Amino acid sequence: MAMQNDNQQLSRSLSRVSLGDRAEFEKLYRATSPRLLSILLRMIPDRNLSEDLLQEVYIKVWHRAGSYRADHSQAMTWLGSIARYTAIDYLRKGQRQVETVTNEAVAEPLSEVGAELDSDQLQLSRCLNRLNIEQREAIVAAYLGGYTHQELSVKTNNPLGTIKSWIRRGLSSLKECLSQ
């Protein structure tokens, strides 16, 4: 019950942040920054760099808080996806050797907040981990990160049709997995 309350509090904070409430943004930062830094450190094990990227994450949160939809994901899951994609963006820019995000890398942040996840979310996490990496990344970025298909196409240097295909096939596989 406390975990549900935490998520509700984070959702309310994001709603207030979307209205420009700086005090709420500070509360959100204090409540979530250790977890988001942990996600970044797993992907980029340089603490200084991860702390810099954490600032980018919160800049994105400040600008995108209005796109958060509580009916699509838990607030912490949404924030975690922003952190993961910020790290992926950094890695793809060639500043570091691109690391392949493995199933384990995707599962770790989810397991970090696993105590907060209810059984439906755990099922979704298991099903997401069954998808191939392209499908999973595209779905997470589109539905949790708020990216459009066109933005994902540019971001990943893949044709728009490929992005749409990954998402369509991934959603079909998710639907099948979740119905089991």
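The torsion about the S-S bond of C127 and C177 is about -80 degrees, so the disulfide is left-handed.

Trainee: What sort of model is this?

Mentor: This is a predicted model, where local features need pLDDT of at least 70, side-chain atom pairs count only at pLDDT 80 or more, and totals for chains, interfaces and linings use all residues. Residues are numbered from 1 along each chain as its sequence is written, and side-chain values use heavy atoms, without hydrogens and water.

Trainee: What is a disulfide, and which residues does it join here?

Mentor: A disulfide is a covalent bond between the sulfur atoms of two cysteines. The cut-off is a pair of cysteine sulfur atoms within 2.5 Å. By this rule there is one disulfide. C127 is joined to C177, with S to S at 2.0 Å. The pair links distant parts of the chain, 50 residues apart: C127 sits in helix α6 (residues 119-130) and C177 in helix α9 (residues 160-178).

Trainee: Is C127 buried or exposed?

Mentor: Buried means under 20% relative accessible area, exposed over 50%, and partly exposed in between, with a 1.4 Å probe and protein chains only. C127 has 1% relative accessibility, so C127 counts as buried. C177 is at 6%, so C177 is buried too.

Trainee: How many residues does α7 have?

Mentor: Helices are DSSP runs of H or I, at least four residues, numbered from the N terminus. Helix α7 (residues 133-144) has 12 residues. The expected span is 1.5 Å times one less than the number of residues. From first C-alpha to last, α7 reaches 16 Å, close to the 16 Å expected. Nine of the 12 residues of α7 are buried, including R136 and E137.

Trainee: What caps the N-terminal end of α7?

Mentor: Look for a polar contact: a pair of N or O atoms within 3.5 Å; within protein, one must be able to donate a hydrogen and the other to accept it, and residues adjacent in sequence count only if both atoms are side-chain atoms. N132 is the cap, with a side-chain oxygen 3.1 Å from the backbone nitrogen of E134.

Trainee: Where does the kink in α2 lie?

Mentor: The bend at a residue is the angle between axes fitted to the seven residues ending there and the seven starting there. In helix α2 (residues 22-43), a kink of about 50 degrees lies at T32, shortly before the proline P34. T32 is among the buried residues of α2.

Definitions and conventions. Helix = DSSP H or I, 4+ residues; strand = E, 2+ residues; numbered from the N terminus.
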